[in-house]
Amino acid sequence: MAQVRELEENLYASLSVRWVQGFPKQNVHFVNDSTICYSCGNFVVFINIETKKKTVLQCMNGIVGVVATNVPYEVVAFSDRKLKPLIYIYNFPGLTRRTKLKGNVLLDYTLLSFSYCGTYLASYSSLPEFELALW
């Protein structure tokens, strides 16, 4: 009986992701000259096209929505798909979070895009109300 409890406690310990497999249904983005990224369920998958090394970034609040990258600054932004979604901006390759943005969108973002100079991020949502925001 004690072995079963110990096994159950170990089972509920924190799990880490070893790999994620999937194919992008949306666009693939370059993060830098040798790395692409795309959304795959609850993750953003990064693949170095020279070394074939794969790195994943987990969205803790649900499924990844839209993704945008800024190549000169090596930054990736993505939204989550939930009620009142948030936008997360991460540095690459360290995958450290720079900021979390909260707008007035109710359902989902349909587009994220960095400005050419890289200092602004535009977000657009279409349902139920159209909203364009410049961050």
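1. P93 is placed in the loop between strand 7 and strand 8, where strands are DSSP runs of E with at least two residues, numbered from the N terminus. A cis peptide bond, with omega about 15°, joins F92 to P93. This is a predicted model, in which local features need pLDDT of at least 70 and side-chain atom pairs count only at pLDDT 80 or more, while totals for chains, interfaces and linings use all residues. Residues are numbered from 1 along each chain as its sequence is written, and side-chain values use heavy atoms, with hydrogens and water left out.

2. L95 also has its place in the loop between strand 7 and strand 8, and its phi is positive, near 55°, in a residue other than glycine. L95 counts as buried because its relative accessible area is 16%, the term buried meaning under 20%, exposed over 50% and partly exposed in between (1.4 Å probe, protein chains only).

3. K84, in the loop between strand 6 and strand 7, is not a glycine and yet has a positive phi of about 55°.

4. Three aromatic pairs are found in a search of the whole structure, a pair being rings of Phe, Tyr and Trp (its six-membered ring) with centres within 6.5 Å, and planes under 30 degrees apart counting as stacked, over 60 as edge-to-face and the rest as tilted. F78 and Y90 form a stacked pair, at 5.8 Å centre to centre and 15° between the planes. Since F78 lies in strand 6 (residues 75-81) and Y90 in strand 7 (residues 86-91), the pair ties together parts that are 12 residues apart in sequence. Both F78 and Y90 are buried.

Technical notes: Helix = DSSP H or I, 4+ residues; strand = E, 2+ residues; numbered from the N terminus.
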